[in-house]
Amino acid sequence: MDLGIRGRTAIVCASSQGLGRGCAQALAEAGVILVINGRNRTLLEQSAAEIRHATGTAVTPVVADVSSVEGQAALLQACPAPDILINNNGGPPLRNFLDLDRKALLDGVTMNMVTPIELIQKVIQSMVARGFGRIVNVTSVSVKMPLAGLDLSSGARAGLTAFVAGVARTVADKNVTINNLLPGSFDTARLRGSLSSAAKRSLVSEEEAAARAMANIPAKRFGTPAEFGQVCAFLCSVHAGFITGQNILLDGGAYPAAF
Ligand SMILES: NC(=O)c1ccc[n+]([C@@H]2O[C@H](COP(=O)([O-])OP(=O)(O)OC[C@H]3O[C@@H](n4cnc5c(N)ncnc54)[C@H](OP(=O)(O)O)[C@@H]3O)[C@@H](O)[C@H]2O)c1
């Protein structure tokens, strides 16, 4: 399917690997000119080179912490008025909520709520003026379903979800959409890190920990960054202009409810 976005521009935050990289790759395949981002220069430049090589698309790597004011300024300097914004970031570490002091709480909210809102504020007016804009926020299944130790991530992302639900309706008539993608378990470095900790806690191998986790997913497997990216690219396409303010779960059926 031609997504109709060839030649459009996108900022894809936190995209040197994992889900962000999957989104960048799929947008590049659709002909979108990219700014990609991460803090580790080597990894980021390698990803930019691979995406360029695979798709022939222009890819500008911006080494920056997306949560910082300076990092956001660097991204916007590279692409001041993107047609597409993919909000992604790291998540707070797994932690008992009783152990979170004020700084940890505010850092988590900054990462997963304030940062995406700030970036939306900075790009949305030019999208409205052009009559085209696609914003996708990577959130989590934890917005709908509690996950032990991820209360801060869940709370901050739920805050973002509620915030953009209203904003999305104010720009829908200008062909600017805002949607959230809710990943379940995707095979990324972050998931492998959690599995490694789970394996140590349960005194089993990492393979066994992965097998146990997959057994709890109706699809009996983890998702791939590539399939996540393709859904993201579709939401950014010309065909998805009537989808806005939605929370789209990608979890192989793990969330056990009809709605
Ligand atoms: N994988 C899953 O199953 C899953 C499930 C639910 C929610 N999520 C959420 O989805 C998001 C992406 O997860 P993932 O699994 O793709 O993680 P990942 O494989 O660890 O990749 C994270 C990417 O973000 C970059 N990054 C992290 N912090 C950054 C920052 N402050 N500024 C700029 N770039 C930053 C990393 O590069 P650098 O480290 O070099 O900066 C890397 O490119 C996270 O918020 C995660 O909590 C993931």
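Predicted model: local features only at pLDDT ≥ 70, side-chain atom pairs only at ≥ 80, totals over all residues.
Is Asn175 buried, partly exposed or exposed, and what is its relative accessible area?

1. Asn175 is partly exposed, its relative accessible area being 29%. The residue sits in the loop that links H5 to strand S6 (176-183). Its backbone deserves attention: the phi of Asn175 is near 60°, a positive value in a residue other than glycine. Most residues other than glycine have a negative phi.

2. Lys220 belongs to the loop between helix H7 (206-215) and H8. With a relative accessibility of 52%, Lys220 counts as exposed, because the cut-off for that class is over 50%.

3. Two packed helices are described by the angle between their axes and the distance between the axes. For helix H4 (residues 102-130) and helix H5 (residues 151-171), the angle is about 20° and the axes lie 8 Å apart. An angle under 35 degrees counts as roughly parallel, and H4 and H5 are therefore roughly parallel to each other. The crossing in which H4 passes H5 is right-handed.

4. On the H4 side, the contact with H5 is made by Ala104, Leu105, Gly108, Val109, Asn112, Met113, Pro116, Ile117, Ile120, Ile124 and Val128. The residues they meet in H5 include Leu152, Ala156, Arg157, Leu160, Phe163 and Val167. Sorted by class, the contact of H4 with H5 comprises 16 nonpolar, four polar and one charged residues.

5. The largest nonpolar core contains 31 residues, and those with the most contacts inside it are Ile5, Leu27, Leu34, Ile84 and Ile86. Elements giving two or more residues to this core are the strands S1 (9-12), S2 (33-38), S4 (84-87) and S5 (133-138), together with the helices H1 (18-29), H2 (41-55) and H8 (225-235). H1 supplies the largest share of this core, six residues.

6. Leaving aside neighbours within four places in sequence, Leu27 is in contact with Ile5, Ala10, Val12, Val32, Leu34, Ile84, Ile86, Ala233 and Cys236. Apart from this core lies another, of 23 residues, among them Cys13, Leu85, Ile117 and Ile120.

Notes
Residues numbered from 1 in each chain as written. Heavy atoms only, no water. Axes fitted to C-alpha atoms, helices over the stretch in contact; angles between N-to-C directions. Helix = DSSP H or I, 4+ residues; strand = E, 2+ residues; numbered from the N terminus. Parallel < 35°, antiparallel > 145°, perpendicular 65-115°, else oblique. Left-handed = near helix turned anticlockwise from the far one by under 90°. Contact = heavy atoms within 4.5 Å. Nonpolar A, V, L, I, M, F, W, Y, C, P; charged D, E, K, R; others polar. Core = buried A, V, L, I, M, F, W, Y, C linked by side-chain atoms within 4.5 Å. Buried < 20%, exposed > 50% of the residue type's maximum accessible area, 1.4 Å probe, protein only.
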